[in-house]
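Let's take a walk through a protein model together.

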Amino acid sequence: MLTLWLLAGSLLAGPPAVPQAGIQTQTDPVRQALAEAADLVAAGDTSGAIGRLELAVESRPDEFQLLAELAWLYGFQASYVPEDFRERKAAEDYALRAWKLEPGHPSALGALALVRLKQLGPQNSGQLLDRALASPRFADLPADRRADVYYVQGLRYAREARDFEGLVRRPEKLPVATPTCSAFGLFCRNFSHPAAFNEMLERAGSLDFLAADERHQALEAFRTAVRLDPPHIEALSELLLILADDGAWGEYLQYARRGVEANPEAPRTHLLLGLGLHRSGHTEAAAESFERGLALLSPELRDAYGSPLSLLSVEDSARLWSRPGSEDAQNFRAIWAKLDPLYLTGANERWVEHLARVTHADLKFGEQGGEIRGSETDPGRIYVRYGPP
């Protein structure tokens, strides 16, 4: 979570100095900048927090805590998109400056590992994370900062595990290509005899076992992060994704309920709880949780979650778009009412199923720091329209 490491270690060690009249102590500007930035982060204004800390760095360019916090904030805000390099570069610069001031400090190592993960992949962050976790000073970090390091560790292992997700052993004999198709080479054989190819694919052995250890390591890292910092929504989301992929809905619900308790005003926690309730067969409870989550969203995002347009045919969608007020919530409610399969139950089962799919698609296909929601990606749209494979 984007939490700020307020004052720890040397800043809190020893008795406070008594300032002379009209003169601030040396740590006051740093303390004030960190406190103001923490308030901005809590209000959802990460860019404002970065601006406040960068202003403080101008007058205190060698203050470790300011540099380390800027590295973490830029690192969390940066995306994985190759072209979006400005924030990753800023995170790297601040992390290296902090590391040069205090070589081997676990907070600087963790921030640098986060940006290396987004720049170069999991293998390039592993050594930094191992050094941070093995540092004798790691235990002295505040709980929320330790949670951040474990969160990055979880991301490292989760990304390694997902490289093997859905992969199977290559069938020994692929279906023979037709003469027309053979000009396209091996790839075209998949489509020359699709029924035979799919039958062979179903019998092919899964390669998921190759990443079993990485999945376990990611699961334990995210569990530790959530235990250290219950409001850590990013770690909670990653943990719930692994549990959802494993079908461990009982444990999923335990953590999702804790997430709602720790973040009652965060719409994502209510939506994630709704997903777990729906997949566990509690449709009406899921509908209530989804309603609470939607009520906390902005009007634009609320409409995006509840829009049925992605489920309509091309012709029906074009016909609806041509009408005045096609995106009105009233029109959406009318469409969902027509799709309700059981009028006598307390919840619209098709509407709840749709929200569960959108939430699951955002969870599975979204990328931390990216601007595009998972349900807006190509695999996300397919998942929302057709459901789980």
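Helices here are DSSP runs of H or I with at least four residues (strands are runs of E with at least two), numbered from the N terminus. The expected span of a helix is 1.5 Å times one less than its number of residues. Two bits of housekeeping before we use that. What you see is a predicted model, in which local features need pLDDT of at least 70, side-chain atom pairs count only at pLDDT 80 or more, and totals for chains, interfaces and linings use all residues. Residues are numbered from 1 along each chain as its sequence is written, and side-chain values use heavy atoms, with hydrogens and water left out.

Now try helix 10. At 1.5 Å a residue, its 17 residues should span 24 Å, and its end C-alpha atoms are 25 Å apart, which agrees.

Which residues of helix 4 are buried? To answer, we need the cut-offs: buried means under 20% relative accessible area, exposed means over 50%, and partly exposed lies in between, using a 1.4 Å probe and protein chains only. In helix 4, the buried ones are E87, R88, A90, A91, E92, Y94, A95 and A98. The buried residues of helix 4 pack against helix 2 (46–59), helix 3 (64–77) and helix 5 (106–120).

Next, the rings. Rings of Phe, Tyr and Trp (its six-membered ring) pair if their centres lie within 6.5 Å; planes under 30 degrees apart count as stacked, over 60 as edge-to-face and the rest as tilted. Searching the whole structure turns up seven aromatic pairs. In one of them, Y74 and Y94 are stacked, 5.9 Å centre to centre with 10° between the planes. Y74 lies in helix 3 and Y94 in helix 4, so this pair ties together parts that are 20 residues apart in sequence. Both Y74 and Y94 are buried.

Then look at Y151 and F222. Their ring centres are 6.2 Å apart and their planes are at 50°, so this pair is tilted. It links distant parts of the chain, with Y151 in helix 7 (residues 143–162) and F222 in helix 10 (residues 212–228), 71 residues apart. Y151 is buried, with a relative accessible area of 1%, and F222 counts as buried at 0%. Together with W72 and F76, Y151 and F222 form one aromatic cluster.

Zoom in on Q153, in helix 7, which is buried with a relative accessible area of 7%. Contact means heavy atoms within 4.5 Å. Leaving aside neighbours within four places in sequence, Q153 is in contact with L129, D130, L133 and A221. The C-alpha atoms of Q153 and A218 are separated by 7.1 Å, although these residues are 65 residues apart along the chain. Over in helix 11 you'll find E238, buried with a relative accessible area of 14%. Leaving aside neighbours within four places in sequence, E238 is in contact with Y151, L155, R162 and F222.

On a 1 Å grid over the protein atoms alone, a cavity is a set of points where a 1.4 Å probe fits but cannot get out, and a pocket is an open set with protein on both sides within 12 Å along at least five of seven lines; lining residues have an atom within 4 Å of a point. Grid points are joined across faces, edges and corners, and a volume is the space filled by probe spheres set on the points. How many cavities of 30 Å³ or more are there? The count comes to one. The largest cavity has a volume of about 60 Å³, and it is lined by A158, A161, R162, E165, R215, A218, I242 and D245. Helix 7, helix 10 and helix 11 are the elements that give two or more residues to this lining, and helix 7 gives the most, with three residues.
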